[in-house]
Amino acid sequence: AQLIGCREDEIALVPTASVGVGVVAANLAPGSEVLLPEDEFTSVSYPLIVAEREHGIHLRRVPFTQLAEAITAETWIVAFSLTRSQDGESAALGDIVAAAQENGAQVLVDATHGIPFVPVTPYLDGIDYLVCHGYKHLLCPRGVGFLRVRQDHWQTLPPWLANWRSAVPQQSFGGAY
């Protein structure tokens, strides 16, 4: 939370970036258009490919450098890696966030290869979901990932992977999450 400039209660622990993407993908309505780079890494692309097959979302792929220009009023969400693992190129985050806001699209960013080197704080208000696995530059062991969900999505993104660690130990385990 400190590295990206948000509150601690906006961060959920997940075992990997793909799990965070999968939670978001599981909530996409059939027919939703998802904009994705053509050569997106599997942590982002595989959960969305499953959602395409199982939930009928529509994946539209474009070159990484053309994401901002490709966002239209039909785009429900644009999903991409902040910094690509294959060549270290970083996305034009400001342009993508601005185009998404202009067209009413959501933004899902995998920041695994970018945090803490590529600033996201100035764009946090325009990033709906941010995933980051800790095993790269954050020096965490494998199995430690983070999902930041912007607060206006808290009531619309069910915690599909809730478990006994999801509650304060003294809290009742029955009832609402």
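The legends below describe close-up views of a predicted model. Residues are numbered from 1 along each chain as its sequence is written, and side-chain values use heavy atoms, with hydrogens and water left out. In this predicted model, local features need pLDDT of at least 70 and side-chain atom pairs count only at pLDDT 80 or more, while totals for chains, interfaces and linings use all residues.

**View 1. Overall make-up of the protein chain.** The protein chain has 4 helices and 7 strands (DSSP runs numbered from the N terminus; helices are H or I with at least four residues, strands E with at least two). Along the sequence these elements follow the pattern β-α-β-α-β-α-β-α-β-β-β. Of its 177 residues, 43% count as buried (under 20% relative accessible area; exposed is over 50% and partly exposed lies in between, with a 1.4 Å probe and protein chains only). Among contacts with a separation of 6 or more, 64% come from residues 24 or more positions apart (contact means heavy atoms within 4.5 Å).

**View 2. The open sheet of 7 strands.** The strand order is E1-E7-E6-E5-E4-E2-E3, and the pairing is mixed (two strands pair if DSSP finds at least two bridges between them). Strand E1 (11-14) and strand E3 (58-62) are at the edges with a single partner strand each, so one side of each has no neighbour in the sheet. From one strand to the next the twist averages 20 degrees (axes are lines fitted to C-alpha atoms, for helices over the stretch in contact, and angles run from 0 to 180 degrees between N-to-C directions).

**View 3. Strand E5 and its pairing with E4.** E4 and E5 run parallel and are joined by 5 bridges. Phe 80 stands opposite Val 109 in E5. In E5, 5 of 5 residues are buried. One side carries Gln 106, Leu 108 and Asp 110, the other Val 107 and Val 109, and both faces are covered. In a regular strand the side chains alternate between the two faces of the sheet.

**View 4. The antiparallel pair E6 and E7.** Strand E6 (residues 129-133) and strand E7 (residues 145-149) run antiparallel, with 5 bridges between them. Leu 130 is placed opposite Arg 148 in E7.

**View 5. Helix H1 on the sheet and against helix H2.** Helix H1 (residues 17-25) lies across E1, strand E4 (75-81), strand E5 (106-110), E6 and E7, and runs at about 160 degrees to E6. The axes of H1 and helix H2 (residues 42-55) come within 8 Å, crossing at roughly 30 degrees. The two helices are therefore roughly parallel to each other (angles under 35 degrees; over 145 counts as roughly antiparallel, 65 to 115 as roughly perpendicular and the rest as oblique). Ala 17, Ser 18, Val 21, Gly 22 and Ala 25 in H1 meet Ser 43, Val 44, Pro 47, Leu 48 and Ala 51 in H2.

**View 6. Salt bridges.** The structure holds 8 salt bridges (a side-chain nitrogen of Lys or Arg within 4 Å of a carboxyl oxygen of Asp or Glu). In the pair Arg 7 and Asp 9, the closest N and O atoms are 3.0 Å apart; Arg 7 is partly exposed at 39% relative accessible area, and Asp 9 is partly exposed at 48%. Arg 53 bridges to Glu 54 at 2.8 Å, N to O, and Arg 53 is exposed at 61%. Arg 150 and Asp 152 meet at 2.6 Å, N to O, with Arg 150 buried at 17%. A network of salt bridges links Asp 39, Arg 84 and Asp 87.
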